[in-house]
Amino acid sequence: MTLSIDFIDRASGVGVWLAGRFDRLAPATGRDAADAEALSAAIERLVVATADETTRHADDVDTVNLFAATPDVPPALEGGHRRAGAATVRVSQALSSIARDAVAILAAADGRIRRCAGCGRVFHDDSRTGNRRWCSMLTCGNRAKVAAFRARTRSAQST
Ligand SMILES: [Zn+2]
C-alpha cells in the first residue's frame, strides 16, 4: 500500500472512509467511529496547518502519535497458499495504519502537502515529480485545462 493521507468525507462517514482503504474490515463499534473521527480531525488540522505554514497543535500531534503507537495492519504478499494472521482487520488496526501514514507524510516536510490551485482544498502530492498543482486531474485539473483551451480559442478568434 502506498502512503496516502485523507480524511472522512462528512457526507459519507467513517465506514466508507475505512472500507475504501482496507479489505476484510471488521464492523465498526460506536467507539471505533468516535476514534476514527478524532484521528481524522487531528490529521485534517495538521495537514491544513502544514499547507498553510501555521503552527501544528501539540494535541493533534499527540492524537496521531497515540494511534500510530498501536498495532497496525500487517503487510502481506499476494500469491501464497494461506492467509497469515487474523481473517479480519480490526478498525483499531486500520486507524493505526492511517496514523502511521500520516506520521510519515507529515514528518517528511517536503512541501508535498499544499492547496489545490483550483478549489483550494488541501492535498498530498504523491506524484513522482512532486509538482502537481491540482487535488485531482479528473476535476480541478481538467477544469483548468478546459478554461485554458477556451481562453486560447477566444484569443485566436479575436485576432
Ligand atoms: Zn481541487
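Reader: Hi! Before I dig in, what are the ground rules for this model?

Author: Hello! This is a predicted model, in which local features need pLDDT of at least 70 and side-chain atom pairs count only at pLDDT 80 or more, while totals for chains, interfaces and linings use all residues. Residues are numbered from 1 along each chain as its sequence is written, and side-chain values use heavy atoms, with hydrogens and water left out.

Reader: Thanks. What secondary structure does the protein chain have?

Author: The protein chain has five helices and two strands, and along the sequence they follow the pattern α-α-α-α-β-β-α. Helices (H or I, at least four residues) and strands (E, at least two) are DSSP runs, numbered from the N terminus.

Reader: And what radius of gyration does the protein chain have, next to a compact globule?

Author: The protein chain has 19 Å, whereas a compact globule of 159 residues would have a value near 15 Å. The radius is taken over C-alpha atoms, and the globule rule is 2.2 Å times the number of residues to the power 0.38. Along the principal axes, the C-alpha atoms fill a box of roughly 70 × 45 × 30 Å.

Reader: How much of the protein chain counts as buried?

Author: Of the 159 residues, 31% do. Buried means under 20% relative accessible area, exposed over 50%, and partly exposed in between (1.4 Å probe, protein chains only).

Reader: Which residues lie nearest the centre of the largest pocket?

Author: Arg24, Val73, Pro74, Pro75 and Ala76, out of 26 lining residues; a lining residue has an atom within 4 Å of a point. The lining divides into ten nonpolar, six polar and ten charged residues. Ala, Val, Leu, Ile, Met, Phe, Trp, Tyr, Cys and Pro count as nonpolar, Asp, Glu, Lys and Arg as charged, and the others, Gly among them, as polar.

Reader: Back to Arg24, where is it found?

Author: Arg24 is in the loop between α1 (13-19) and α2 (30-51). Its phi is near 55°, a positive value in a residue other than glycine. With a relative accessible area of 39%, Arg24 is partly exposed.

Reader: What about Glu53, is that one buried or exposed?

Author: Exposed, because its relative accessibility is 74%. Glu53 sits in the loop between α2 and α3 and has a positive phi of about 55° without being a glycine.

Reader: Which residues does Asp60 touch?

Author: Asp60 touches Ala42, Arg45 and Leu46, not counting residues up to four places away in sequence. Contact means heavy atoms within 4.5 Å. Asp60 lies in helix α3 (residues 58-68) and counts as buried because its relative accessibility is 5%.

Reader: And Thr63, what is in contact with that one?

Author: Thr63 is also placed in helix α3, and leaving aside neighbours within four places in sequence, it is in contact with Ala38, Leu39 and Ala42. At 21% relative accessibility, Thr63 counts as partly exposed.

Reader: Switching topic: which domain does UniProt list for residues 112-152?

Author: The unreviewed UniProt entry lists "domain: Zinc finger CGNR" there. Such positions are in the numbering used here, feature names are shortened, and annotations may be inferred rather than shown by experiment. The span is 39% helix and 15% strand, with its end C-alpha atoms 30 Å apart.

Reader: Where is Cys116, and what is it in contact with?

Author: Cys116 is in the loop between β1 (113-115) and β2 (122-124). Beyond neighbours within four places in sequence, its contacts are Arg121, Phe123, Arg133, Trp134, Cys135 and Cys140. Cys116 counts as buried, at 5% relative accessibility.

Reader: Last one: which residues of that stretch is Ala51 in contact with?

Author: Ala51, found in helix α2, is in contact with Ile113, Arg114, Arg115 and Val122, leaving aside its neighbours within four places in sequence.

Technical notes: On a 1 Å grid over the protein atoms alone, a cavity is a set of points where a 1.4 Å probe fits but cannot get out, and a pocket is an open set with protein on both sides within 12 Å along at least five of seven lines; lining residues have an atom within 4 Å of a point.
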